[in-house]
Amino acid sequence: MEQESELVTGEAVVLDVRAAKLASRGLAMMVDVALQLIVLFIAMLVLSQVAVFGDEALALTLFLVTVVLIMVGYPVIFETLSRGRTLGKMALGLRVVRTDGGPVRFRHALVRGLAGFFIDFWGLGMLGVVAVVTSLLSPNGRRVGDYLAGTLVIRERMPAARTPYVGMPPQLAYWASQLDLTRLPNDLALAVRQYLGRTSELRPEAAEALGYGLAQQVAAAIGTPVPPGVPSWAYLSAVLAERRRRDQAKLQPAVQYGTPVMQSYPQSYPQPAAPAPVASPQPPSEPAPENPFAPPG
């Protein structure tokens, strides 16, 4: 069973992540141990030839060294090179991160590997009893190695969610049509789309901080800053909606029945006749709030 965990970044932003508990971590551990035993069996076959044709004491020494290297080196090497994932964690969609949400480095993986061999599982761990008890008592399913290394195992693979529809804020329709979006990277646009689809799942302060950071990146890429009085999410929505509109226009034929096809906005967002100040919406019949933009639901 998994539960949400709060990670606080170095910028004091609270991140809601889903910590991996005993069940998923146990399955990942079983996959890793099976692979380690296969490698260990192959190593024993090789070392047995050394014992037959050489010194038995040398073969025993090499065997003990090989066991330590396989049981400790396997998780250390994989978690260092893949930023917190072994083959078992890849199969279960898990990842090891620091308690501040950052990626693990070699020192974190080394502490976890040594603690796992000597304390959690094999040395003094009574074949994993220490790790199981510690994980059950921990609110985030952490074992002794996680506490010593300052790490946490989280679920990286979540059920696929429906792709959110990013709409054009009516107040920004004309303004967005004048933007130069040719320099907007695809990976940044994907990050913005994922953020807009998860704003309702994030804490307000976290959503605001992440939105501000993405808005600054988009503004630096396209060369157009956020208009005064416009929230970050509205700025990002306008940019993505305009980008989608232009991509869809490219798929349409340039000439239809001899008449050029005019590029227009979706019917739900009528195109204004003339540019209007971004921060000043048209006066409604009732007193309008100071901010005309309502956060997405």
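Me: Among contacts in the protein chain between residues at least 6 apart in sequence, what percentage join residues at least 24 apart?
Reply: This is a predicted model in which local features need pLDDT of at least 70 and side-chain atom pairs count only at pLDDT 80 or more, whereas totals for chains, interfaces and linings use all residues. Residues are numbered from 1 along each chain as its sequence is written, and side-chain values use heavy atoms, with hydrogens and water left out. With contact meaning heavy atoms within 4.5 Å, the share of contacts between residues at least 6 apart in sequence that join residues at least 24 apart is 64%.

Me: How many helices and how many strands make up the secondary structure of the protein chain?
Reply: Both kinds of element are DSSP runs numbered from the N terminus, with helices as H or I over at least four residues and strands as E over at least two. On that basis, the secondary structure of the protein chain comes to 10 helices and six strands.

Me: What percentage of the residues of the protein chain count as buried?
Reply: Buried stands for under 20% relative accessible area, exposed for over 50% and partly exposed for what lies in between, with a 1.4 Å probe and protein chains only. Of the 297 residues of the protein chain, the part that counts as buried is 39%.

Me: Is β3 largely enclosed by the rest of the structure, or largely open?
Reply: Strand β3 covers residues 94-98.

Me: Which residue is the bridge partner of R95 in β4?
Reply: Strand β4 (residues 151-155) runs antiparallel to β3 and is joined to it by five bridges, where pairing asks for at least two DSSP bridges between the strands. Four of the five residues of β4 are buried, so β4 too is largely enclosed by the rest of the structure. Within this pairing, R98 stands opposite T151, while the β4 partner of R95 is I154.

Me: Why is α9 oblique to α10?
Reply: Helix α9 (residues 204-222) packs against helix α10 (residues 232-251) with the axes 9 Å apart and an angle of about 45 degrees. That angle makes α9 oblique to α10, because angles under 35 degrees count as roughly parallel, those over 145 as roughly antiparallel, those from 65 to 115 as roughly perpendicular and the rest as oblique. The axes themselves are lines fitted to C-alpha atoms, for helices over the stretch in contact, and angles between N-to-C directions run from 0 to 180 degrees. The value that decides the matter is about 45 degrees.

Me: How many charged residues does the contact of α9 with α10 have?
Reply: On the α9 side, G211, Y212, L214, A215, V218, A219 and I222 take part, and they meet S232, Y235, L236 and V239 of α10. Where Ala, Val, Leu, Ile, Met, Phe, Trp, Tyr, Cys and Pro count as nonpolar, Asp, Glu, Lys and Arg as charged and the others, Gly among them, as polar, the contact has nine nonpolar and two polar residues, and the number of charged residues is none.

Me: At roughly what angle do the axes of α8 and α10 cross?
Reply: Residues of α8 that meet α10 are N186, A189, V192, R193, Y195 and L196, and their counterparts in α10 are W233, L236, S237, L240 and R243. These contact residues divide into seven nonpolar, two polar and two charged. The axis of helix α8 (residues 186-198) comes within 10 Å of that of α10, and the two cross at roughly 125 degrees.

Me: How many nonpolar residues does the contact of α8 with α9 have?
Reply: The axes of α8 and α9 come within 11 Å and cross at roughly 155 degrees, which means that α8 is roughly antiparallel to α9. The contact is made by L188, A191, V192 and Y195 of α8 with A207, L210, G211, L214, Q217, V218 and A221 of α9. By class, no charged residues are present, two residues are polar, and the nonpolar ones number nine.

Me: How far is R245 from S177 in space, C-alpha to C-alpha?
Reply: R245 lies in helix α10 and, at 12% relative accessibility, counts as buried. R245 and S177 are 68 residues apart in sequence, yet their C-alpha separation in space is 9.5 Å.

Me: Does L127 count as buried or exposed?
Reply: L127 lies in the loop between α4 (106-120) and α5 (129-137), and L127 has a positive phi of about 60 degrees although it is not a glycine. Because its relative accessibility is 72%, L127 counts as exposed.
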